Amino acid sequence: MGTHSHHHDYNFSEQYKFAGTAKVLSLVAIVVGIVAVAFGMLSSDHIIVERTYANLLLMGYYFTCVCAAGAFFVALQLVTQSGWSAGLIRIPQAMASILPIASIILFIIIALGLTTHNLYHHWHAEGLIDPNSPNYDALVAGKASYLNMPWFLGRQIIFMGLYSVFAVILAKLSYNEDLVGGLSSYKQSFKLSAIFLVIFGFTTPIWSFDTIMSLEAHWFSTMFGWYNFAAMWVSGLCVIALILIFLKKAGYMSWVNENHLHDLGKLIFGFSIFWTYVWFAQFMLIWYANIPEETVYFYKRFEPEYKLWFWINIIINFVAPLLLLVDRDAKRRLNMMAFVCILLLLGHWLDYYIMIMPGTVETHRGFGFIEVGTAIGFMGIFIFLVMNKLSRHPLAAKNHPFLDESLHHQI
Amino acid sequence: MSNTKYILGSFADPDEMMHGIDKLQASNISIYDCFTPMPIHGIEAKLGVKPSRLPIAAFIFGATGTVLGFSLLYYTMAYDWPMNVGGKPSLPLPNFVPVTFEVTILLCALGMVATFFFRNHLFPGRTPRVMDLRATDDRFIIAIDANENTDHALIDNLLKEAGAVEVKYNDRKYVSYE
């Protein structure tokens, strides 16, 4: 803006100190998670074991999605050459940096669940594709060239491997920019982001078909990929906003203000509506066409065990952000945003729960120590890894070409 | 008394204009309005401009659209000539959502554009009300009501000190396209 040079007293090299209560609580959460998973895994009741696997898949997927959303956020800001987010870009970068760890955890869960027949047993079981077997399933046999263990696990490695490589390189380029300055890091990141977004956009729907939709392999929906992307993006944005609010409250990042939070709030609001749009489009088409092979999915979710949660899902993920975030001032208040973000993160846990449970534990649905404990455990891992990563680098990308624009952001 | 109605300080740089606003406000001179060829961050807060009420209009138009869209569907599909489509109930609410939604968006968008045009006197045939033509091109204008602020010499001084390229004393409020 113009000829004036602006003088700031911001300390762009300030670093987050990950210690004290935050560190202790995240470690305690990890222990709670390990206890809950061990309690479930060591149970002699196979239903409890299966339920534990389903919960591990839920949280492993959620964890990976949130980290992938961090990478997507970074790439999106680069490709659109956005200035507003330059001041807070270190938060999604830290999330992107731990995507490889999240991917490995999810891969182990998927591989173990698949080989022990606790997950994906709709398409991976004895004799399903053998015409002479009493278990023969013509529909599954028809999909066997795609849905078979080696190719399924191979796709998981390819997809999550690609996302992880791009995520780590994008974060590294920015950390490197702090040291060398200049535009070379930015230009390189710009190119990589464009390639990453194309790969990510085309493969995330397939990745969610594999990871979640194939739990009920007889059913399919082309909307499912975008529905999952919407959930991933909203929850990722909520996590970015929550970490930002936490850091602001702890006295860090003085250069980020309510204008930046407002923009995050608008994205969360808008993509909650987008989530509803895709959710409803999928639901309405199936409801309208009323074809048994499609309605089976919602039939299960209208059983008494799930029906209440099915509707609560819509209230939390659509009605709540619609009413709570529509007001301009609401998006600019730290406490209000924190409340809505926590609510939406719980909401998308429920969203994934409704996606996963009817295809795994079916009527043996449970909500207890295993569910809460696993969720707390993964939250602990996430907080520990992300906060640890955040503490390793300055909280501002001081050589980011748009940092100055971010400081003057006003809406 | 002169016939001057408005004093216009014309700046070539937005930062200098912002500086000019500060100087005038520090001397308790009320600013009528500012005109700039592009949005300037922070100018509304500085001038104390009230937030736009356009969202309220948008909500009312949107709500009207919801009611209209739903009424149309209800009347045609459920009341006047109930239709059995695929064995669905005669009031198939999920089917009504897309159309109701679309009419809501349509009325909301058209209503907002109409409100904006009405509020800014921008309709076909209307001569634009412009206080300084160059504010639509390359100048940043501070307009001061000359009757409310009588110390014209001080205003002239302050504006020039802040870096005004030109100070105009206009007898008419608006210059129109001639």
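The model is a predicted one, so to speak of local features takes a pLDDT of at least 70 and side-chain atom pairs count only at pLDDT 80 or more, while totals for chains, interfaces and linings use all residues. Residues are numbered from 1 along each chain as its sequence is written, with chains lettered from A and ligands numbered from 1 in the order in which they are written.

Back to A:Q81: its phi is positive, about 50°, although the residue is not a glycine. A:Q81 sits in the loop between α2 (46-79) and α3 (90-97) of chain A; helices here are DSSP runs of H or I with at least four residues, strands are runs of E with at least two, and both are numbered from the N terminus. A:N290 is another non-glycine residue with a positive phi, near 55°. The loop that holds A:N290 lies between α9 (258-289) and α10 (292-301) of chain A. A:N290 is exposed as well, with 11 other C-beta atoms within 10 Å.

In chain B, strand β3 (residues 140-145) is mostly covered, with five of its six residues buried. Strand β1 (residues 6-11) of chain B pairs with β3(B) in the antiparallel sense through six bridges; pairing calls for at least two DSSP bridges between the strands. Within that pairing, B:G9 has B:I142 as its bridge partner. Strand β2 (residues 33-35) of chain B also runs antiparallel to β3(B), joined to it by three bridges, and here B:D33 stands opposite B:A143.

Chain B also carries the UniProt feature "transmembrane region", placed by an unreviewed entry at residues 56-76 and 96-118. UniProt positions follow the numbering used here, feature names are shortened, and annotations may be inferred rather than shown by experiment. In the model, residues 56-76 of chain B are 100% helix and 0% strand, with the end C-alpha atoms 30 Å apart. Residues 96-118 of chain B are likewise 100% helix and 0% strand, and their end C-alpha atoms lie 32 Å apart.

As for the contact between the chains, 11 residues come from chain A and nine from chain B, contact being C-beta atoms, placed from the backbone, within 7 Å. The chain A side has five nonpolar, six polar and no charged residues (Ala, Val, Leu, Ile, Met, Phe, Trp, Tyr, Cys and Pro count as nonpolar, Asp, Glu, Lys and Arg as charged, and the others, Gly among them, as polar).

Note on methods. A residue is buried if 20 or more other C-beta atoms lie within 10 Å of its own, exposed if 12 or fewer, and partly exposed in between; C-beta atoms are placed from the backbone. Two residues are in contact if their C-beta atoms, placed from the backbone, lie within 7 Å.
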